[in-house]
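Good morning, everyone, and thank you for coming.

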Amino acid sequence: MQNIRKIAVLTSGGDAPGMNPCIRAVVRTAIYNNKEAFGVMQGYQGLIDNNMYEMKTRSVSNILHLGGTILKTARCMPFKTDEGQEIAYRNLKEREIDALVVIGGDGTFTGALRFSKRYPDIAVMGVPGTIDNDLYGTDYTLGFDTATNTVIEALDKIRDTADSHDRLFFVEVMGRDAGCIALRAGIAGGAEAIMLPETETALDDLINDLESSPNKSSSIVIVAEGDHHGGAYDIAKIVKDRIKSYHTKVTILGHLQRGGSPSSFDRILGSRLGYAAVNALLRGESQKMVGLRGNSIVLTELEEALTNHEFKLEDDLMEMVKVLSI
Ligand code: ADP
Ligand code: F6P
């Protein structure tokens with residue numbers, strides 16, 4: 001790979017807490033190595049609109065604690081076209097930018113891999129940034145820890161009112177097709193049951209479990225949005241028709257799970273992955289994703305990260321739900 005002189009960074013797809021610490025690390029690591037750093041606004045849309053600017057060390061001051069992304073993000077359909085990618089390439093070449101760090105999920109990585117295969121003189125490095133924790137090649141994605149903590153805080157509040165009124169709450173959480181947020185927040189929030197896309201919990205089992213703890217004044221059932229029974233409202237309706245004794249309520253947590261100041265874990269993860277992404281590019285790596293395995297930074301081919309799927313729900317956590325909620 002040619003000697004890299006200028007590195008651009010963008011955030012794409014769903015925003016996630018931790019993206020700003022990562023942007024900061026990319027910019028400062030590049031500058032520390034006497035490289036120029038550029039910020040691209042609104043994901044791939046900024047490459048097409050030529051909406052990018054040079055970033056200095058001060059450009060990323062006081063953003064470690066900020067949720068969201070200072071570079072904004074977008075879902076950009078034109079980048080899925082050859083014409084769109086060609087315009088993006090020309091805009092990068094015009095500024096003599098020769099490397100790109102993309103922070104996002106599998107859609108973002110798909111775009112980056114296609115782009116880099118088409119224009120191999122632009123090195124690309126992916127950073128897993130999505131609250132869903134649904135990417136292969138890393139134990140944790142940026143934003144997952146913060147989103148899980150946000151859900152736990154909400155559950156504690158719901159527990160207060162559920163307990164006060166002896167109610168059964170169905171709480172729907174994000175995660176797309178992955179149940180990582182639901183499982184961890186459910187355990188930490190003391191949920192009585194957790195509905196996961198990965199495990200086909202029968203509603204009869206759920207109802208039996210709820211009926212088998214009549215002396216419980218309140219109960220909380222977590223529903224991951226990808227659960228095959230549909231959302232929390234659907235499940236609540238079925239349960240309500242079957243268990244008349246319970247006064248049921250539904251809460252959809254929605255996009256508050258995407259915001260919030262990044263946790264210490266996500267600040268450190270964002271900083272480590274941003275630092276690692278730039279150093280990998282400077283070593284001549286490309287078309288890879290940086291990730292965390294155990295407590296070590298690892299590189300995974302983007303191709304591999306996109307074609308492999310990882311079951312990330314710990315067996316003991318899934319067994320514990322029933323045991324700890326008696
Ligand atoms: P995420 O990265 O969080 O999965 P999306 O699936 O919305 O989010 O993808 C983010 C962006 O990546 C899309 O808006 C598009 O610009 C780009 N992208 C996604 N899929 C492709 C593709 N097949 N080819 C080129 N670009 C793509
Ligand atoms: O991928 C992150 C995520 O928040 C998912 O958990 C959720 O399904 C989706 O994005 C929501 O997308 P949007 O913000 O476009 O509604």
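Before anything else, a word on terms: two strands are said to pair if DSSP finds at least two bridges between them. Helices (H or I, at least four residues) and strands (E, at least two) are DSSP runs, and they are numbered from the N terminus. What we have here is a predicted model, in which local features need pLDDT of at least 70 and side-chain atom pairs count only at pLDDT 80 or more, while totals for chains, interfaces and linings use all residues. Residues are numbered from 1 along each chain as its sequence is written, chains are lettered from A and ligands numbered from 1 in the order in which they are written, and side-chain values use heavy atoms, with hydrogens and water left out.

Let me begin with the sheet. Strand β1, residues 6-11, runs parallel to strand β4, residues 99-104, and five bridges join the two. One pair to find on your screen is Ala-8, whose bridge partner in β4 is Leu-100. The whole sheet is open and has seven strands in the order β3-β2-β1-β4-β5-β10-β11, with mixed pairing. At its edges lie β3 (52-55) and β11 (296-301), each of which pairs on one side only.

Now, which strands does helix α1 touch as it packs on the sheet? Taking contact to mean heavy atoms within 4.5 Å, helix α1 (residues 19-32) touches β1, β2 (36-40), β3, β4 and β5 (123-128), and its direction makes about 180 degrees with that of β1. Angles here run from 0 to 180 degrees between N-to-C directions, and axes are lines fitted to C-alpha atoms, for helices over the stretch in contact. Helix α9 (residues 264-282) also packs on the sheet, where it touches β1, β4, β5, β10 (288-293) and β11, and its direction makes about 165 degrees with that of β5.

These two helices, α1 and α9, pack against each other at an angle of about 35 degrees, with their axes 7 Å apart. Among the residues that make this contact are Ala-25 and Val-26 of α1, together with Gly-270 and Gly-274 of α9.

Staying with α9, let us look at Ala-277, which has its place in that helix. Is Ala-277 buried or exposed? With buried meaning under 20% relative accessible area, exposed over 50%, and partly exposed in between (1.4 Å probe, protein chains only), Ala-277 is buried, because its relative accessible area is 0%. Leaving aside neighbours within four places in sequence, Ala-277 is in contact with Val-101, Met-125, Val-127 and Val-290.

Next comes a residue flagged in a record: UniProt, in an unreviewed entry, lists Asp-132 for "active site", and such annotations may be inferred rather than shown by experiment. Asp-132 is found in the loop between β5 and α5 (144-165), and it counts as buried because its relative accessible area is 7%. Apart from neighbours within four places in sequence, its contacts are Thr-141, Gly-175, Arg-176, Ala-178 and Cys-180. Cys-180 is also one of the buried residues of helix α6 (residues 180-188).

Finally, a point about the backbone. Most residues other than glycine have a negative phi. Asn-34, however, has a positive phi of about 60 degrees although it is not a glycine; this residue is found in the loop between α1 and β2, and it counts as exposed because its relative accessibility is 71%.
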